[in-house]
Amino acid sequence: MAIEDPMTPAGYITLMLRRERVSQKDAAERLGISAAYLSDMLNGRRRIGPEIVELVVERIETQDKVAARIDLHRLGSAADGWIVQR
């Protein structure tokens, strides 16, 4: 996983996966998407929308799901229409 800016949805998700020790492959399986698609999202080549945020919060174990949901939605809204900026 590339080190991303935690102030973007991609960076936040990357840090979340690292903190919870979840590989991109395992995360992709839990989210029901391909590892390549997840990689593209985390590297800014594909959109991370609210639907992906909800999947991440629901299917990736984290200490505080409410805080994660709020943070990801806030970052996504700030990313101008949920497009990840590189």
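The mean pLDDT of this protein is 79, and 77% of its residues reach 70 or more. The model is predicted. Helix H3 has the highest mean pLDDT among the elements, at 95, while H5 has the lowest, at 71. Over residues 82-86 the pLDDT is below 50. That stretch still has 19 contacts in the model beyond near neighbours in sequence. Where pLDDT is low, the predicted coordinates should not be read in detail.

Now the overall layout. The protein has five helices and zero strands. From the N terminus on, its elements run α-α-α-α-α. Of its 86 residues, 41% count as buried. Contacts also reach along the chain. Take those between residues at least 6 apart in sequence: 53% of them join residues at least 24 apart.

The largest nonpolar core has 21 residues. Ile13, Leu17, Leu38, Ile48, Val56 and Leu72 have the most contacts inside this core. At least two of its residues come from each of H1 (9-19), H2 (24-31), H3 (35-42), H4 (50-59) and H5. H1 gives the most, with five residues.

One of the core residues with the most contacts is Leu38. Which residues does Leu38 contact, leaving aside neighbours within four places in sequence? They are Gln24, Ala27, Ala28, Leu31 and Ile33.

Leu38 also takes part in the packing of H2 with H3. The axes of these two helices come within 8 Å and cross at roughly 105°. Angles of 65 to 115 degrees count as roughly perpendicular, so H2 and H3 are roughly perpendicular to each other. On the H2 side, the contact is made by Gln24, Lys25, Ala27, Ala28 and Leu31. On the H3 side, Ala35, Leu38, Ser39 and Leu42 make it. By class, this contact has six nonpolar, two polar and one charged residues.

The last stop is Arg74, in helix H5, which spans residues 65-78. Is Arg74 buried, partly exposed or exposed? Its relative accessibility is 45%. Buried means under 20% and exposed means over 50%, so Arg74 counts as partly exposed. Arg74 and Met7 are 67 residues apart along the chain. Their C-alpha atoms are separated by 9.6 Å. Read this part with the confidence values in mind: H5 is the element with the lowest mean pLDDT, 71.

How values were computed. Residues are numbered from 1 along each chain as its sequence is written. This is a predicted model: local features need pLDDT of at least 70, side-chain atom pairs count only at pLDDT 80 or more; totals for chains, interfaces and linings use all residues. Side-chain values use heavy atoms; hydrogens and water are left out. Helices (H or I, at least four residues) and strands (E, at least two) are DSSP runs, numbered from the N terminus. Buried means under 20% relative accessible area, exposed over 50%, partly exposed in between (1.4 Å probe, protein chains only). A nonpolar core is a set of buried Ala, Val, Leu, Ile, Met, Phe, Trp, Tyr and Cys residues joined through side-chain atoms within 4.5 Å. Contact means heavy atoms within 4.5 Å. pLDDT is the predictor's confidence in each residue, from 0 to 100. Axes are lines fitted to C-alpha atoms, for helices over the stretch in contact, and angles run from 0 to 180 degrees between N-to-C directions. Angles under 35 degrees count as roughly parallel, over 145 as roughly antiparallel, 65 to 115 as roughly perpendicular and the rest as oblique. Ala, Val, Leu, Ile, Met, Phe, Trp, Tyr, Cys and Pro count as nonpolar, Asp, Glu, Lys and Arg as charged, and the others, Gly among them, as polar.
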